[in-house]
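Have a go at each task before you read its solution.

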Amino acid sequence: MNEARTVTPAARRDLTYHLHPSTNLRQVENEGPLVITRGEGVYVFDEHGNRYLEGMAGLWCASLGFSERRLAEAAYRQMIELPFYHAFAGKVPAIATELAEKLVSIAPAGLSRVIFANSGSEANDTAIKLIWYYNNALGRPDKKKIIGRQKGYHGMTVAAASVTGLAFVHGDFDLPRGGFLHTACPHHYRFARPGETEEQFAERLARELDALIVREGAATVAAFFAEPVMGAGGVIVPPATYFEHIQPVLRKHDVLLVVDEVICGFGRTGNMFGSQTFALEPDILTCAKALTAGYVPMSATLVSPHIYEALLAQSDKLGIFGHGYTYSAHPLPAAVALETIRIYEERDIVGHVRKVGPRLQAALRALTEHPLVGEARGVGLIGALELVRDKAARRGFDPKAGVGAYVVKRAQEHGAILRNMAGDVIAFSPPLIISESEIDALVDRIARALDDTLAMVRERGLLD
């Protein structure tokens, strides 16, 4: 077990100067941050030298672990050769062209052009702006509404947060903004009606989406955003036929499908893209995170030919395509992304995920025997455990009890970093290079954390 954490001088400096993102600010003020100083393989180390198996790949992104020298060397070579250039006004760093070509070659069929940004949030904001621009180009100025899903997550910038369907992203930020709608979450365990099969549930959600579009007016609805597997909303894997029923509804109403591959892209689900795992046909695809294995910031938005042709015509009309960022197509992350993709291909990372993913999924499902675990779910190397106080009734704990947070804290004391999502859902998204023995170690540590938590909830009388 790792030694108890105290507020060290390094932590005090951090508390003096750093405003932590996506954090309980009072809690970090009281307890201090965990200061991470280095990484090795699937492990990270704190300032005391304690080692943690990073069960979340950082923030779903460190796909090649924390010590891949080839990526550091690719970044260094690019910094020496061309440390910065831009893609504005008809210029381009050569390495960005190479990356764009490579991305189109490995992406799902039907995507032909790439525009780069710095984060998944920016990639999704870019997609939204392109959708609005596209419909203006087609003479459809009213076709602008964007549909997300309850519990969907697409980022923290204003538009991306608006299409997100999570209350903590909206609270007191005056979000979502107008023109953003939300349809039902495809989580059978939580939201199916009594006796409703997964197939019936999927059919009902498709009917509800159709009714929403009709109610709003198809002439006003522009796009539907979906993650193949919903990440921050609780690692929600849709019923097998969900997208099979959803996609015809979108086509019927001429509503674009935007597939957010920020978490699922580059092998996480056992295919290069989650779209391939779930037979999705995106009009627009966004990706980030594992694009560079998390080593440097970069994201991409890929569009289909018919969207590009409309952008091209509108640019002729206006004299410019007025969107982009200073660091769009930055050569350093482009070089790292290319080297990352080379490693995926050379080492058959997708094949590795297919080999070891079943071990993680079987181990998580075995934990449903634990008194606190209501459901285990996942695919490939992404998974979750949903905690409950009453398994038969699927009744969760009062959020104020902090049961999921306690599990994560105990797992950290046992040497594993995981993440608690809203609704006491413990998420797993380890580096894609994880071995079967490391999966066993990760699951052993969460099992011990669950036992610690069971003792706590019994002592506090929280179980039904």
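Predicted model: local features only at pLDDT ≥ 70, side-chain atom pairs only at ≥ 80, totals over all residues.

Residues are numbered from 1 along each chain as its sequence is written, and side-chain values use heavy atoms, with hydrogens and water left out.

**Exercise 1.** Describe how helix H15 and helix H17 pack.

Step 1. Locate H15 at residues 349-366 and H17 at residues 436-459; helices (H or I, at least four residues) and strands (E, at least two) are DSSP runs, numbered from the N terminus.

Step 2. The angle between the two is about 20°, and their axes are 10 Å apart. Axes are lines fitted to C-alpha atoms, for helices over the stretch in contact, and angles run from 0 to 180 degrees between N-to-C directions.

Step 3. That angle makes H15 roughly parallel to H17 (angles under 35 degrees).

Step 4. Now list the contact (heavy atoms within 4.5 Å). H15 brings Lys-355, Val-356, Arg-359, Leu-360 and Ala-363, while H17 brings Glu-436, Ile-439, Asp-440 and Val-443.

**Exercise 2.** Which residues of helix H11 are buried, and what do they pack against?

Step 1. Within H11 (residues 242-252), Tyr-242, Phe-243, His-245, Ile-246, Gln-247, Val-249 and Leu-250 are buried.

Step 2. These residues pack against strand E5 (145-149), helix H10 (198-216), strand E7 (221-226) and strand E8 (256-260).

Step 3. Continue past the helix: H11 is followed by Asp-254, with a positive phi near 55°.

**Exercise 3.** Is Thr-183 buried or exposed, and is Met-156 buried or partly exposed?

Step 1. Find Thr-183 in strand E6 (residues 180-183). With 8% relative accessibility, Thr-183 counts as buried.

Step 2. Leaving out residues up to four places away in sequence, Thr-183 touches Ile-147, Gly-148, Arg-149, Gln-150, Leu-209, Leu-212 and Phe-224.

Step 3. Met-156 sits in the loop between E5 and helix H7 (158-163). Its relative accessible area is 41%, so Met-156 is partly exposed.

Step 4. Beyond neighbours within four places in sequence, Met-156 is in contact with Ser-22, Ser-121, Ala-161, Phe-168 and Val-169.

Methods: Parallel < 35°, antiparallel > 145°, perpendicular 65-115°, else oblique. Buried < 20%, exposed > 50% of the residue type's maximum accessible area, 1.4 Å probe, protein only.
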